[in-house]
Structure formats: structure tokens, C-alpha cells
Amino acid sequence: MKGNFIDNLPKVYGIYTGGFLAFIIIMSIAEQMGMTAKTIGICFVAFTVAIYAIIGYLSRTAQADAYYVAGRQVPTVFNGMATAADWMSGASFVAMAGGIYFKGYGYMALLVGWTGGYVLVASLLAPYLRKFGCYTVPDFIGTRYGGNLSRFMAVVVLTVASFTYVTAQINATGTIASVALDIPFQYAVYVGLVSILLCSMLGGMRGVTWTQVAQYIVLIIAYLLPVFWISNKMGAGFFPHFMLADEVSRIAELEAQFGFVKNSAENLKEVPKGLAGITKAHSAVNATPWAFISLALAMMMGTASLPHVMMRYFTTPSVKAARKSVGWSLFFIFLLYSSAPMLATLSKLSLIDPTLPTGIIGKSITEVQAIDWYQNWNQANLMFVSDFNGNGTLELNEFFMGGKAVVLATPEIAGLPYVISGLVAAGGMAAAMSTADGLILAIANAISHDVYYKIIDPKAETAKRLVVARVLLVVIGFAGATIAALEIQGILGSVIWAFDFAMSGLFFPLVLGVWWKRANKEGAVAGMFLGLVSGAAYLVWVRTGGSGFLGITQLTFGIFGSAVSLVAMVVVSLMTSAPNAATQKMVDEVRIPSGKSILGKQH
Amino acid sequence: MSKQEQHWEKSRGLLFMTLAIWFVFSIGIFLFGAEMNEVTGPFGYPLTYWFTCQGSLGAFVILIFWFANRQEKIDEEFGFSERGDD
């Protein structure tokens, strides 16, 4: 697997994809022959995790540039796949279609935000940071602005944002592992953690890169196959993305027919926690322009500040490869994101249309309660019906579902074989693992490279640095798992907070570092510190009953944080002296793609 | 003006153009979300709905590749492109 491994990549992953498809076929034959649903679930998760572990082992390395930036030789398209897996978390995979299903247009600001951010990454940052030749994001801040304080502040912002994010991901791996392997969540979290560490411990960025490509292939098959299958089975269209217009307008028709009846608070008390009913229009505009735009904007700026995404573009062979690679990343993300609304549409229509055999609205309550899949998902605490008005039939406002059920239960409702549910579990696991790996590595690398090597012990040997990096990886992983096991907050909420934290502290220090020569150390430190603190303060204020202003909510507090960061950075920079000639020259160098990188190959 | 300054000037021009297009698809059209949704868009979906599911997302993908190609041309024009890889 060494030497011309890079040249053989298409072949290696081609064989891998073929093998995975063959595995799916074998499993469906086994299902026909009577293998139980539980065994199929275990096989899917165990088989895929074992493959990732093998890739992780084969990618082991003792070199700093392989460990930190995968030797800077990852080809454009493969880096795009790895970034897509890095990017699409358990939340994207399991919760996104559910969010669209329940909240419609207002929620779809996330789709626009989580894709539009890549335009900022490609045009403002990625190629320049690649030219810089840094190992980590704080490495750029520390070298561009100079001084240990700026480097340290960048590590702090990075850690706050990434750690908020990673607990959600470990939580997601734990949820899936506990369902698929049938073990209690508290233990499943650690099973998930060990799987995550198997990918990254030995090979660092190199191991994570090649497992993420493998994970992307699993997750995209696991997402698209059911969407196409369900659409064809329902007769909705051969290619759902282009053919669901009738279904979308049919949902609008049904919404008008049923109406959105508001339930009394008393009735809602009966509904199990975490479940929701359909209360918002599917395709109509149901949010104000500012609510939509502010959420999209926060997610876009957050995307451009999150270190686990940015560091993927440090691994390409050249600056122009970094630019193209951003395009490929977004293309691979687009494949999944554009399918989520289609899944939400199919799922909703199949449940609420009384003329379809799967439709339950308008049936009698006892009839619905007798359906097999209803009983299964009711037991899993993801579905609930209750006859509030006592008329014996199920109304739209009397049906409740958990957000995860849209992805997890729709295949079963549509009557697909169980093998698809096993596949979906493997896909969700791949999505959560790949993101967790990227994040844990981002934190551990920043602390080991920037705090330990650059600040504490600049004379440390490579071997010692890599030992520190690996120890930190394990420590941070366990800390994340321990917090995840406490189950403090929901998956999606903490993901959105991570974006807000990242943009509060890092967006302007990163962008102005390239685009404004006059930006100096004092300005950057002030920008990072005041941005993070004011963003966090705003969050606490709103969470503790504060009214907020300008329509900025707890989901978009980064808009306030980053505005403070920008003002602080500009004002403080202009009040203090301009950066020295060497720094100015460094910025000039960063702006042209040719020539040597600012930091050496080994640093 | 030195070669390097000219190169940067052109790169900055491209950046502003890219950000302007980005602004239209990520922010501009959603200022008129409610009005636009009355119109039937591609494949028969309501127009704003289509932009949120496919249109804007696809536009971003195309925009990034377009930007990357234009920037490469600018780099070549001033002799700043990298050799020997990709």
C-alpha cells in the first residue's frame, strides 16, 4: 500500500465500493434466508467499522508531515470526498431530513448556509492558507500575527467550537451503536469512541483522510439508495430530484384540506419528549427574510471558520488543487443535501396522504396502533398517536414523530427490506465517525503542535511530538465521550452553536490576515478574545431569558460575536503600530500561488 | 505598478465578482422569498422552494469551479502558477 498507492487510488476505492455493494447483496440474500434484523444490523456496523480500522492501521506513520497534513499529496477529487465526509455529520445524515420535514422553509436556511459557506472557503481562505504551509489553523494565526498570545487565543477558540461539535458527534455514534448492537447508551458511547480512535490514532491526518474517503462512499450509498428506491416504489418518479413537483403540490393541497390545528398545552403534555407534529407548511415560505438570511449567513461564516474543514485543504499537493478541491467537496456534499428535501417530501406524503396504502391520517386510531411499524417505532420512542378530539380517527395534529424517524423509519414504512435499515445504520455511523475524527484530530493537533511544540517545548523531537499528539487524541476523545454520555443537549442545537462560536472568534482574524495587510497582532488578539467572549455572553443572555436584539437568536449569536470581533480588530489594529516589513512581505508571498510555502515542509 | 500588484488587483476583482454572485444566491433572492414562491420554477417546484433545495446549492458548486478556473488563468497570466503537479 505504499509507493504508488496514490496512483492506484481510483482502483483501490473502486474495488472497495464493489466489495461494499457485494456485501449489501449478500446481506439481502441472508435476509431472505431468514437472518434476523438484529444480526443484519450488527453485521453492517461491525463490517464497516472493521474496514475503517484496517485502513487506519495501514496508514500508520511516524512522520510529522504525514501525521499532520497527510504528506500533502491527497488528490483533488479524493480530498473532496474526504472533506464531504468530514463535513457531513451524524446531524446532517440522521436529523436534516427530519428538520426539513417538520419546519420546512425556515429550516432550509441551513441547506443554503452549509453549502454557501464553501464559496467563502474557496475564495477567501483555503488557497492562501495552503500556500502558507501551516499544519493547523492556529499555526497560521500564530505565524501571520506573531507572538504566543495570538497563537494561544486561536487554540482556545478552536477548542471551544470543535469541542461543542464533537460531543454531539460522539453522542450520535453512541446512539447508532446502541441501537445496532443492542447495548446500553452509556457503554455504546465508548464503543463509538474506540471505533473513532482506531481510524486516527496511528495515522493521524493520513489515516483520517483514507478512512474518510471510505466513509463517504458508505454514507452516500446509504443515503441515496433508499431515496431512489422509495421514490420508485411509491411511483413518485424514477429520478426523485427532478420529479417530485406533483408530490410537493399534493402536500400543500393536503395541508390546506387538514389545516394546522393547534393543540392545547394540556394535550401536548401527553406527547413524549422530543417528538413533534406537523405544524408548518412544507414548501410555502414560512419565515421572515431576516430569520432565513441571518441563519444562513451565520452558517456560511461558521463554515469558513471551522478548523476541521480548513485543515483538509492543507493536504492537497498545490494551491490550485486546494481551490478545485473545495469545488469537489461541495459537489459531493450537494449529492446528499439535495436529496434530504426529497426524502422529507416522500416521507411526509407517504404518511399523510389518505389515498396511499401507507397513509395513516384519516384512519381509525386503533387501526394505526395495530400497524407493525407503528408499534416498533412507538417502542423506540420515535412515534406517537393520540385521539385528542375523541372522534376515533387520526387527524394531522394527532400524529407525532421524532426528527430521526424520517431517515430511520421511512424505509420500513415504505416496505423496503430490513437490509436497507442496516445500511442506513452503517451510513449514519460513518457520517458521525468521520466528523468526530476530523474534530478530535483538529483539537489534538492544535494543542500538540501549537501549544506543546511551538510554545512549551520548541526543541522536542518528532517522535516525542507525535506521542504527545496521540496521547492528547485519546484524552480529548474520552473527555468528549464522557460529556456525551451525560446527554446534556440535542445533536442539532450543539452543532449550530459550534458554527457560531467558530465565526465569533476566528472568521475575521483569518480573513483579514490574508486580505488586510494592516491587521496586526494586537488587533487579532482583541478580535479573537472579544468576539468569542461577546458571542458567548450573548448566548448566555438569551438562554437565561434575555430578549435579544435585531432578531439575533441563540442559533445565530455568531452574527453579534463576529461583528464585535470585526470592530475590535479594526479599531485596535489602527490604534497600534503597523506590522513590520517582514510580516508585510509574508502577506505578499501568501497572495501568489507559486514559490515556496511560508513555513517549511517540516516545522 | 509591479507585476505582483497587478496580479493582486485582478485577483481582488475576481473575489468581488465571486462574492457578488454568492450574495445573490445566498442572500439576495431570499429577500423576496414569499413573492418568488408564487412563481413556478424548474421541474415544476415553487421557485423559492426549488432554490433552497437545489438551485442555490448547485449555483455554489458551479461558482467555485468557475472561480478556480478564472483564478488559475490570472495566475498563469502573471507567471505565478505552480509547476509540476496536479
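Q: How many residues does the contact take from chain B and from chain A?
A: It takes 41 residues from chain B and 43 from chain A. Two residues are in contact here if their C-beta atoms, placed from the backbone, lie within 7 Å. This is a predicted model, where local features need pLDDT of at least 70, side-chain atom pairs count only at pLDDT 80 or more, and totals for chains, interfaces and linings use all residues. Residues are numbered from 1 along each chain as its sequence is written, while chains are lettered from A and ligands numbered from 1 in the order in which they are written.

Q: Which helices of chain B each supply at least two residues of the side that touches chain A?
A: α1 (3-26), α2 (33-36) and α3 (47-77) of chain B do. Helices are DSSP runs (H or I, at least four residues), numbered from the N terminus. The largest share of that side of chain B, 18 residues, comes from α3(B).

Q: And how do the residues of that side divide into nonpolar, polar and charged?
A: On the side of chain B that touches chain A, 22 are nonpolar, 14 polar and five charged. Ala, Val, Leu, Ile, Met, Phe, Trp, Tyr, Cys and Pro count as nonpolar, Asp, Glu, Lys and Arg as charged, and the others, Gly among them, as polar.

Q: Staying with chain B, where is B:F43?
A: B:F43 is in the loop between α2 and α3 of chain B. B:F43 has a positive phi of about 60 degrees although it is not a glycine. Most residues other than glycine have a negative phi.

Q: Is B:F43 buried, exposed or partly exposed?
A: B:F43 is partly exposed, because 15 other C-beta atoms lie within 10 Å. The cut-offs are 20 or more for buried, 12 or fewer for exposed and partly exposed in between, with C-beta atoms placed from the backbone.

Q: Switching to chain A, what is phi of A:L550?
A: Near 55 degrees, a positive value in a residue other than glycine. A:L550 lies in the loop between α24 (521-543) and α25 (557-575) of chain A. With 10 other C-beta atoms within 10 Å, A:L550 is exposed.

Q: What about A:Y313, buried or exposed?
A: A:Y313 is buried, because 25 other C-beta atoms lie within 10 Å. A:Y313 is in the loop between α15 (307-310) and α16 of chain A.

Q: Which residues does A:Y313 touch?
A: Not counting residues up to four places away in sequence, A:Y313 touches A:A126, A:L129, A:R130, A:A322, A:S325 and A:V326. The C-alpha atoms of A:Y313 and A:R72 are separated by 9.1 Å, with the two residues 241 apart along the chain.

Q: How many residues of α16(A) are buried?
A: 17 of its 19 residues are buried, and α16(A) is mostly covered. The helix, residues 319-337, reaches 27 Å from its first C-alpha to its last, close to the 27 Å expected at 1.5 Å a residue. That expected span is 1.5 Å times one less than the number of residues.

Q: Last one: at what angle do the axes of α1 and α2 of chain A cross?
A: Helix α1 (residues 9-32) and helix α2 (residues 37-58) of chain A have axes that come within 11 Å and cross at roughly 165 degrees. Axes are lines fitted to C-alpha atoms, for helices over the stretch in contact, and angles run from 0 to 180 degrees between N-to-C directions. α1(A) and α2(A) are therefore roughly antiparallel to each other, a label for angles over 145 degrees.

How values were computed:
Parallel < 35°, antiparallel > 145°, perpendicular 65-115°, else oblique.
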